Amino acid sequence: MSEKVKSPQATIIVLFLLQLSIGVSLSYSISNSATTDQEPYEAFSFDLHSNEVKNVRGWRYHFGDHPEWAQLNYNDSLWMKLPYSPGVQDKTDGIRWYRAPIFLFGEQDDYDVLALYFRLLGISYEVYWDGELLDHNGHVSQDPSQEIPGGIRKIVKLKREFTTPGRHLLAIRLSRHFKGQTYRIFSTQFGYFSGIQSNIHTHSNLLYWEGGLFLLASLFTLALYLGSHKRSYLLFAVFCFLNLCYTAYGILQYEIDMNTQSFDILLLLFHIGKVLLYSTLNIFFILHFDIPYKHVHVCSSIIVTLVIRFVLGSNLIALSTLYSLALLLYATRYYPSESILSMLGVSIFSFSDIAFLQNIFPGTYLVAGELLFLFCIIFAISKKIRKQDQLHEEAIMKTARMETELLKRHIQPHFIMNTLLSIVSWLSENPKKAALLIHSLANEFRVIHEISSKKEIPLQREIALCESHLRLMGFRKDATYTLTTRNLCQEEAVPPMIFHTLIENALTHAYEPGENGSFTLICEKNKKKIQYTLQNDGSRLKKLKEKSAEQIDEGMGMKYVRARLQESYPHKCQIRYGFKDGNWEVIIVISK
């Protein structure tokens, strides 16, 4: 027993360590490719016929401050080179200069101007083009008390006379004394103003699409939680809501030009939220697939997420989903299709997130990956709900069968008792008739014994049993009972003894001793349903007419009929009864 308990834990730990080593190797290769596979110090050139927006490369930087560093012909060959890497961070303080030569060739568009786009560049900076001050963001100062932080983004248009074909110089004077959490990313884009605006609108629209996806997913899973009160659904709703907040954070960068100090507060919340986001996803799988040692895995998943965040960085925090993959691999033993779907979705989600943050894929691939992820997870949830519904239906059917068996045990002794009392009375008055009654009773019991355990029998056999029962009861009560049928389809099958039970009920409650009676069974059939109507007369029905439908108690016989119908046609049958034209009528409707 102890070995079975330990094996899932050991399996998950081994698989997680294996996948983590693969993930670290992958992150190392990605970071290496970003800094070594590209040409880091090549001069930046731009085709004036192109509509492309490009990241400026070939930067050199130097600490200090001197006005001549903005000049085109200043020799900066001794300056340090800045390796090109998307998201490279500069964490030092004070004033420094950045210089990058830009070569323009071709003819400029007559209806557009070139522009520079700065986003999350730093705290305060000034932009120079061929020695001319173009614009500034905040106030650059050597004195920390005099520095004024600027906004998080800025577009600087270049005059047409500044962008003639040939060699130009872009220089940036930058100060950074503010001790906040703001990204120290050095990234500048160059292109036509219309192209930069188009890129901003494209990224913003993608974020709105991304936010819409997670909003719908959070509302859907929240509705599932409110309907079932399962904590796993609430956790996935929280996960989707955190993703929605994450996209709102991105939208703010494009829609609002906020101060870097204000943005720093949002950035701190972003880092906290991203740890919560991936921790919530891991915990969702722990609860949803009923992983053993829940508390251990919840604590372990949070620790793993924190370790990856602070060791590998925020851009690689998606590697924490390797813990989820290990858990899902274990869950395939019990939920194979649901677990495999979830593994596929998580793999797509984590890979698209890392690839986007490493500038391997554009934003459209990220949104597509998130859409596939949500589809896989919601599809897996729906399959698990369907499986649970099937188990619930099986439990209901088992209960119905048990109820049916119980009702049969009540009905058969009730019928035997009434018949034996009749035989006792006939033995003294008419022994021959009593013998005939005994033979009829034995024949009926034989038929009942053959069919009672079956789920369905041919309608023709059910009618024959009813007619035999009417003859038997005619002997008992010294009366004549008839059964007339209309439009019956002999090939149809019905649960055994449903009409037999209804007729026996009618004989007990509708007729006085020695009173003749007539029964009519009508069948109406179409493509959608089949309807059976059983009618009977009887002098004792007058007492029932005085009662409303709610006042008429449903006896053991009617409960048996309902249980049998529900067993054979779950949620597809209806039964109703009442008076019509002075007769008692029972209607059974079976949907196809």
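A charge sits over a ring if NZ of Lys or CZ of Arg is within 6 Å of the ring centre and within 35 degrees of the ring normal. In this predicted model, Lys157 meets that rule: its charged end sits over the ring of Phe193, 4.1 Å from the centre. Arg309 also lies over an aromatic face, that of Phe310. The two cases are set out below.

| Charged residue | Ring | Distance to ring centre |
|---|---|---|
| Lys157 | Phe193 | 4.1 Å |
| Arg309 | Phe310 | 5.3 Å |

**The open sheet**

Four strands form an open sheet in the order S2-S11-S6-S9. The pairing is antiparallel. Strand S2 (54–55) and strand S9 (153–157) are the edges, each pairing on one side only. S9 is joined to strand S6 (residues 114–119) by 5 bridges, and these two strands run antiparallel. Across them, Tyr117 stands opposite Ile155 in S9. Helix H2 lies across S6, S9 and strand S11 (188–192). The angle between H2 and S11 is about 120°.

**The largest core**

The largest nonpolar core has 43 residues. Phe236, Phe239, Phe285, Phe373 and Leu374 have the most contacts inside it. The elements giving two or more residues to this core are H2 (193–228), H3 (231–255), H4 (260–288), H5 (294–312), H6, H7 (336–357) and H8 (363–429). H4 gives the most, with 8 residues.

Which residues does Phe285 touch, leaving aside those up to four places away in sequence? The contacts are Ile291, Ser324, Leu328, Ser342, Val346 and Ile377.

Helix H6 (residues 321–331) is mostly covered, with 10 of its 11 residues buried. Among the buried residues of H6 are Ser324 and Leu328, both of which Phe285 touches. Others include Thr321, Tyr323 and Tyr330.

**Aromatic pairs**

The count of aromatic pairs comes to 31. A pair of aromatic rings is described by the distance of the centres and the angle of the planes. For Phe236 and Phe373, the centres are 6.3 Å apart and the planes stand at 45°, so the pair is tilted. This pair links distant parts of the chain. Phe236 is in H3 and Phe373 is in H8, 137 residues apart.

A second, separate core holds 41 residues, including Val494, Ile530, Leu534 and Leu541.

Thr533 lies in strand S16 (residues 529–536). Why does Thr533 count as buried? Its relative accessibility is 5%, and buried means under 20%. Not counting residues up to four places away in sequence, Thr533 touches Thr520, Leu521, Ile522, Glu524, Glu585, Val586 and Ile587.

Ala464 is in helix H10 (residues 459–477). Its relative accessibility is 37%, so Ala464 counts as partly exposed. From Ala464 to His500 the C-alpha to C-alpha distance is 9.7 Å. In sequence, Ala464 and His500 are 36 residues apart.

Conventions
Residues are numbered from 1 along each chain as its sequence is written. This is a predicted model: local features need pLDDT of at least 70, side-chain atom pairs count only at pLDDT 80 or more; totals for chains, interfaces and linings use all residues. Side-chain values use heavy atoms; hydrogens and water are left out. Buried means under 20% relative accessible area, exposed over 50%, partly exposed in between (1.4 Å probe, protein chains only). A nonpolar core is a set of buried Ala, Val, Leu, Ile, Met, Phe, Trp, Tyr and Cys residues joined through side-chain atoms within 4.5 Å. Contact means heavy atoms within 4.5 Å. Two strands pair if DSSP finds at least two bridges between them. Axes are lines fitted to C-alpha atoms, for helices over the stretch in contact, and angles run from 0 to 180 degrees between N-to-C directions. Rings of Phe, Tyr and Trp (its six-membered ring) pair if their centres lie within 6.5 Å; planes under 30 degrees apart count as stacked, over 60 as edge-to-face and the rest as tilted.
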